[in-house]
Structure formats: structure tokens, C-alpha cells
Amino acid sequence: MKDKKPTARSNASGAREIGERGTAGAAVKPVLSAPERPPEPAAPVRRRVIPAAAPAKPPEPAAKTRAKDKSDAEPLPKPARAGGRKRRAEHPSDPNRGLEPAASLPPEPRAEGRGSALEAHPNRGLEPAASLPSEPRPEGHGQVAEPQPNRGLEPAASLPAAVASPPLPPPPVLPAVRPEVHLLTFGCRAQQADEEVLRAALVARGLTVLEGKKVEGAGIAVVHGCVVTARAERDARKAIRRLRREHPDLRIVVSGCHARLSGDAASRELGADLALPELGPEELATAIRERLVPSGLLPACAPSAEGGRRRVALRIQDGCDNSCAYCIVPAVRGKSRSVPVATVLEDIGRLAERGAPEVVLSGIQTAAWGRDLDPPSTLCDLLEKILALPRRPRIRISSVEPQYLTPRLIELVVGERGICPHLHVPLQSASPRLLAAMGRADVAPAIELLERAWARHGDLAVGFDVIAGLPTETEPEHQVTVDLVERLPLAYLHVFTFSARPGTPAATMLPSVPERFAVLRTRALLRSDERLRAAYRARILARGRAEVAVEHMGEDGFGRGTTERFLPAAVISHAVKPGALVRGRTDGIGADGALRVVPE
């Protein structure tokens, strides 16, 4: 019986064993003359094999039971893989010893054309690079140096810039054919302030800046793009493509928030010749002059800025220390930084000499000015120093976050003639729960301050930013916002529909508001805005007087501009010129909704 035990195996291996033994025993006549059918005594051996193989092929009900609970099922041994990969990896001299299989390594970043600008930009408070689209990696470049084993690798997007392979250098940019510059700016007051500084810097370097939207005759176009919403970002992309398509010889330079977020490679794919996201306006003007304009193209006479805004946005602050869940601005603008007092006062004096009728103090978080200075200061301190200047334009504050509204600030706004009695407050929502979910401060203290101010100064102009369709917003919470803005004597609303920005917490926050409901809520707020604007115009018309900063001349020959309370106005006179500050009496509202003002 011991000699027969080796033949009692599973069917496949047993058949193989019998075949081998038959070949080895070919000289044994009795074995060869044996019949093919196994002898009768072998039958018990087959019966013993069947129970041994039963666990591998159980009856149908038992298999279903074990599929539900795998803890009592002994795993079958996996057959060794062909090719010798495992033997080679386990060899002591192999440098790849300990590697995970290639399929388990982190995926290489996809070439989306974004992210490189963020790695190089000194913006504190950035989202992790892995959560933002990464820059396309050039072919043939690995994630780490070749001799380095891949053990414990992080994705290349999370490595320092010194470890990740550098991008290929961009192709050389040909000089412009003309030195005239066209400026195209999208977005907030901070972007407009950057444009004003760039305009003056280009003129100081011998270039001519063309007026308004006139592209014909320009050799260079500078596009300042915005990324606050998906629509703003899309508008910037379309503008770059259109400029490239319609003006193939134009040298296109992109800057601003759009260039910071998109990066150099993506900007070039859109048609830009240069992407200079990290340069401030002064440095940007220098780079344009040195890289795009040969000395022979500069005009012999002194150039001038043909246009420029009469109401000038002056940037006194940049960046933001808030962490609003829906906002990508801190990722592209960095931490809050204040312009020193002396610089602000010097800029305002220069603008007064230039004849600007109004200066708008601007920033990403304007009312946070001074908190990072040494010693710290406040926006109220700055306003008092500006009011002490012997010559100055009238001053307007671009926006004040609710948490920065103070009794002192409101008293300056409503009590000083040199400051426009106008406040713009980014409220966003009146729901305490929703504001907390978005990482914003409660607005109740600010509303209380404003209501006390309206009780004494009923014509104080206050406008709110509101966002419809924020993630997790319910219909009752939306109605809370509508009820609040309808109750307050506001001058206007700036209404936005929520736009998910990649890399922000709100982009993945659930439950999201269906688009159709977000649109309906936006329309409801826009209807409130129409009613508020009409009621406020009627109050100011009844007041009888207004002061207008004339910005341009209308087709009818009358000056067009903005009142101190932020109403559009027409000065009913052919004698006024752009840049004038005109006081007069109100004389109705025109067909275009502008307040008619007759000069004194």
C-alpha cells in the first residue's frame, strides 16, 4: 500500500504522476500488459480522493454561505507567477527590493496645464498642490532622479520644486512690431488698481497706452484675468483667444489672478506670448519694456496715457487672511499685506496733482489695512491722515468686511465731507448657520451698527454682496437673506450665483444646490435689487443735491460720472470736462436711470 500512495492525488496531478511512472516502467512487461481500465482494488482510492477535494468544489448552498463570511474560509494558495519578477525583486542585490508593484504607485500628475504658478508664487495659505490641477510635465522627465529607488515615493506634485523635474523653457518671444500697449482688465477693484499702476509705469518707461478698448494700432496687449468665478475665468480665456485670432501679430502678455492660477504653459496654449503672474505692476512694465520693445521702436517724443480712469482705484492692501470655503482668492493673492502709510499718502498727493476727482481705496480685504504693519494701524488711522493732506481728491472705500465695521469708521464715512458716504459690505448671506459653514463671521453686529447709522443718516448709501445657491443652503435660509435685504434701506445689491472653484472646500461640499434652484434664488435677489435701487434713487432725488465726479462725456455732450453716494449721474452742462468734480441740484432721473444734476 505504501508504493501506491503517491498515485492518490488530485485528478490533475494524479494523472500527471501516473503518466510519468508508466513511461519510467516501460521495460516491465506485466505493467505494460495490464489493461487500461484500473484494477478493481484501485476503486477505494478514488473514493478517498473525492472527499479530499470536496472543500475546493462545495455544493451550491455552502458556497453562498462562505461567500458572505470569508473569515472561516481558508484562502487557496496563489500559483507562482511566471517571468521571475518576484524572484528578482527578492534578490538581495536588487536595488528595487521592497518596491510596491507599479500599479500601486501614485499616479503621475495629468497634464492639465495648471499649477506651476502656484508652486512658485509666495502665497501663504495655499491649498495643497495635490488638490489643485498640476502643471503638465514634459515628456521624458521622471518624477525623481533615475538612480533613486522608488521606495516610499510621494506624488511629484507634493515634492519641493527642487526635487521635481523643471519644466522645459518656453520658446523665445519675438519683439513687438509697435510700442503701443492695449490694457484689458477683468475683476475687482484690486485688479483695476494694478492696471492704473501699470499704466503709469509703462508711460514712465517710454511706452504709449491706448485709450479704452481700442486694440487697433497696438503692438502689445496686457490681459489681467480674474478667477473669482468660473464665468470670470472663462471671459479671460475667451479674450486671450480672440486677441490671438483677430490680431496674429499682437504680443499678448497675461498677468493678474488668472495667470497665477493657470500657469505659464496653459496661458501659452491659449495664445499668450508671455505669462508673468508673479510680477507686480512696476516689474511687469519693466519686463514688457525689456523683452518686447526694442529701443528703436520707442517714440522720440514723450508718450502719454491716452485714457485712464478718472475715478482711480488705489491699492492700499493685497491678500486675505480669511478662509472662506467658496473663495480661491487667498490661493492666488496670498496673506494680507498693507502698503505703508507714507506710500499711500504720496500716491494720493500725486493723483491730486494729476487732477483725479476721486480715489477709491482698494484691496482684497481693504478694511484689514494696517494690521500687519509695525506698529499696527487701522483703516481709520489712515483715513484721518489722508484728510489732513492739504490737497486731495475725494475718498471712497471700496469694501468693508462685516467684522471690520466699527462705530469710528461709520462716523468718518458719514461725518467727513472728504469721504464718500458710501459703504459696500460683502454680506453673502444672512443665515448664521450657512455663514458658519462657509467660514465667515456672523453679520448681526454689523447689521446693528448700520441700523443705528441709518437712524441718524437716512441717506447713507450701503450696498451688499450676496451669493445665491451656496452649498447646503436651504430654501428657508435663502428666504432669510431676502427678508433682510428687503427690510433694510439699502442702495443696491451685487448678486452672484455660487460658482464652485477647484481646490476650495465648497467645491465638494454636500448637499449642493441644484442649478435650477440657484438660478431661481438669484432672480429673486435681482428683483430685490431693482426695487432697492429705484427706492434709493427716489430718496436722493428728494434730497435735492449731489456731487458728481465726471468720468467721460456722453453722446449728448453732457458729462457722465458717479455721485458721492454711488449713483450714476449726468451733469446737464456742455461746459464740464472729464476729471471735474461738480456740485449741483438734482433735476430728475433720465431714461437711462442716471440722476440728472444741474451744476450750481
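Helix α18 (residues 475-487) and helix α19 (residues 515-543) have axes that come within 10 Å and cross at roughly 5°. This makes α18 roughly parallel to α19, a label for angles under 35 degrees. The model is a predicted one, in which local features need pLDDT of at least 70 and side-chain atom pairs count only at pLDDT 80 or more, while totals for chains, interfaces and linings use all residues. Residues are numbered from 1 along each chain as its sequence is written, and side-chain values use heavy atoms, with hydrogens and water left out.

**Helix packing**

- Axes are lines fitted to C-alpha atoms, for helices over the stretch in contact, with angles from 0 to 180 degrees between N-to-C directions.
- On α18 the contact (heavy atoms within 4.5 Å) is made by E475, H478, T481, V482, V485 and E486.
- On α19 the contributors are R521, A524, L525, S528, R531 and L532.
- By class, this contact has five nonpolar, three polar and four charged residues.

**Parallel sheet**

- Helices (H or I, at least four residues) and strands (E, at least two) are DSSP runs, numbered from the N terminus.
- Five strands form an open sheet with parallel pairing, in the order β2-β1-β3-β4-β5; strands pair if DSSP finds at least two bridges between them.
- The edge strands, β2 (208-209) and β5 (274-275), each pair on one side only.
- Strand β1 (residues 180-185) is joined to strand β3 (residues 220-225) over five bridges in the parallel sense, and T185 stands opposite H224 in β3.

**Antiparallel pairing around β14**

- Strand β14 (residues 545-553) runs antiparallel to strand β17 (residues 581-589), with five bridges between them; the bridge partner of R545 is R585 in β17.
- β14 also pairs with strand β15 (residues 559-563) in the antiparallel sense, over five bridges, and M553 stands opposite G559 in β15.
- β14 and β15 form a hairpin with five residues between them, and G557 in the turn has a positive phi of about 90°.

**Aromatic pair**

- The count comes to one aromatic pair, where ring centres of Phe, Tyr or Trp (its six-membered ring) must lie within 6.5 Å.
- The rings of Y492 and F566 have centres 5.6 Å apart and planes at 45°, so the pair is tilted (stacked is under 30 degrees, edge-to-face over 60, and tilted the rest).
- Y492 lies in strand β13 (residues 492-497) and F566 in the loop between β15 and β16 (568-571), 74 residues apart.

**Confidence**

- The protein averages a pLDDT (the predictor's confidence in each residue, from 0 to 100) of 76, and 68% of the residues score at least 70.
- Over residues 1-36 pLDDT stays under 50, with eleven contacts beyond four places in sequence.
- Where pLDDT is low, the predicted coordinates should not be read in detail.

How values were computed:
Parallel < 35°, antiparallel > 145°, perpendicular 65-115°, else oblique. Nonpolar A, V, L, I, M, F, W, Y, C, P; charged D, E, K, R; others polar.
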